[in-house]
Amino acid sequence: MNFNNELIKDKNEFARVVRKIQASGITDDEEISEIIVRDYRHLFRELNELEKEKAAHQAETSLIEKVVAESNRESIEEKGHPAFVCQRIDGVKQFRLYDALTQAEIAELKTNGIIL
């Protein structure tokens, strides 16, 4: 489970709750996380505005990456290549449609290990 320790008010109480949930037979980290966030919100401090903005951005990015990964899996099965190519340029992730790449760009991305 990846909870930000800075957000947890009482780490001992948090650990007790996790043990209690696990003792009930739930061992999947995602399920435990969902239960904690749903039923034990009081264990976390409130986010400030900057933290809220950062969390919203991370959630959007995560959703985009999930959709891209699923699209790529389907495309690889159907076409033999991903639908999207993701590359970090100056630390920023940039996505491009594979079909919009030139053969030279594809060759360069394969050489750099971005496309397998």
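This is a predicted model: local features need pLDDT of at least 70, side-chain atom pairs count only at pLDDT 80 or more; totals for chains, interfaces and linings use all residues.
Local features need pLDDT of at least 70 and side-chain atom pairs count only at pLDDT 80 or more, while totals for chains, interfaces and linings use all residues. Residues are numbered from 1 along each chain as its sequence is written, and side-chain values use heavy atoms, with hydrogens and water left out.

Helix 1 (residues 11-23) packs with helix 2 (residues 29-39) at an angle of about 125°, and their axes are 11 Å apart; helices are DSSP runs of H or I with at least four residues, numbered from the N terminus. Axes are lines fitted to C-alpha atoms over the stretch in contact, and angles run from 0 to 180 degrees between N-to-C directions. Helix 1 is therefore oblique to helix 2, given that angles under 35 degrees count as roughly parallel, over 145 as roughly antiparallel, 65 to 115 as roughly perpendicular and the rest as oblique. At this contact (heavy atoms within 4.5 Å), Phe14, Val17, Val18, Ile21 and Gln22 of helix 1 meet Ile32, Ile35 and Ile36 of helix 2.

Strand 1 (residues 84-89) and strand 2 (residues 92-97) run antiparallel and are joined by six bridges; strands are DSSP runs of E with at least two residues. Arg88 has Lys93 in strand 2 as its bridge partner. The two strands form a hairpin with two residues between them, and Asp90 in the turn has a positive phi of about 55°.

The loop between helix 3 (49-79) and strand 1 holds His81. His81 is buried, with a relative accessible area of 15%, where buried means under 20%, exposed over 50% and partly exposed in between (1.4 Å probe, protein chains only). Leaving aside neighbours within four places in sequence, His81 is in contact with Ser75, Ile76, Tyr98 and Asp99.

Conventions:
Two strands pair if DSSP finds at least two bridges between them.
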